[in-house]
Amino acid sequence: MGKSTGILLDPGTGDLKINTKRTPEGWFAGELETGYVTWQNQALILQACKGELKEYPSLGAAITEMANDNETVGWNREVLLQLESDGMTVRDVNIDFENKTMEIDAEYN
């Protein structure tokens, strides 16, 4: 299992995704869902502010800070550096403030 596979979060709530089933005895049994987490990790890194992830206090791009800023070069670089610091190979980051879009081409090695 590489770094691109891990425990999934529910995109709507941010809670752990758990599959619950009933056992033949009628008990509820649950297991954590695992899968491809690269996009999930990218979203978490973009949303986090520095200091929020206690194990990695310098990780976080603070995307909410971008809302009133027109300096795209600095933000492109910040996103690139944050994703690279988590071990991703980043091929491209493109933030278009005019159209309110962001494209990221990055994956774990």
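**View 1. The β5–β6 hairpin and its turn.** Strands β5 and β6 form a hairpin with four residues between them, and Lys100 in that turn has a positive phi of about 55 degrees. The model shown here is predicted: local features need pLDDT of at least 70, side-chain atom pairs count only at pLDDT 80 or more, and totals for chains, interfaces and linings use all residues. Residues are numbered from 1 along each chain as its sequence is written, and side-chain values use heavy atoms, leaving out hydrogens and water. Eight bridges pair β5 with β6 in the antiparallel sense. For one of the paired positions, find Asn94, whose bridge partner in β6 is Glu103. (Two strands pair if DSSP finds at least two bridges between them; strands are DSSP runs of E with at least two residues, helices are runs of H or I with at least four, and both are numbered from the N terminus.)

**View 2. The β2–β3 hairpin.** Here strand β2 (residues 18-22) meets strand β3 (residues 28-32), and the two run antiparallel, joined by five bridges. Thr20 has Gly30 in β3 as its bridge partner. Five residues lie between these strands in the hairpin, and Gly26 in the turn has a positive phi of about 95 degrees.

**View 3. Helix α1 and what covers it.** Helix α1 spans residues 38-47, and its buried residues are Thr38, Gln40, Asn41, Gln42, Ile45 and Leu46. (Buried means under 20% relative accessible area, exposed over 50%, and partly exposed in between, with a 1.4 Å probe and protein chains only.) The cover over these buried residues includes strands β1 (5-7), β4 (34-36), β5 (88-96) and β6 (101-108), along with helix α2 (72-85).

**View 4. Stepping back to the whole chain.** You can count two helices and six strands, which follow the pattern β-β-β-β-α-α-β-β along the sequence. The C-alpha trace spans about 60 × 30 × 30 Å along its principal axes. The radius of gyration of the chain is 17 Å, whereas a compact globule of 109 residues would be near 13 Å. (That radius is taken over C-alpha atoms, and the globule rule is 2.2 Å times the number of residues to the power 0.38.) Of the 109 residues, 26% are buried. Among contacts between residues at least 6 apart in sequence, 38% join residues at least 24 apart, where contact means heavy atoms within 4.5 Å.
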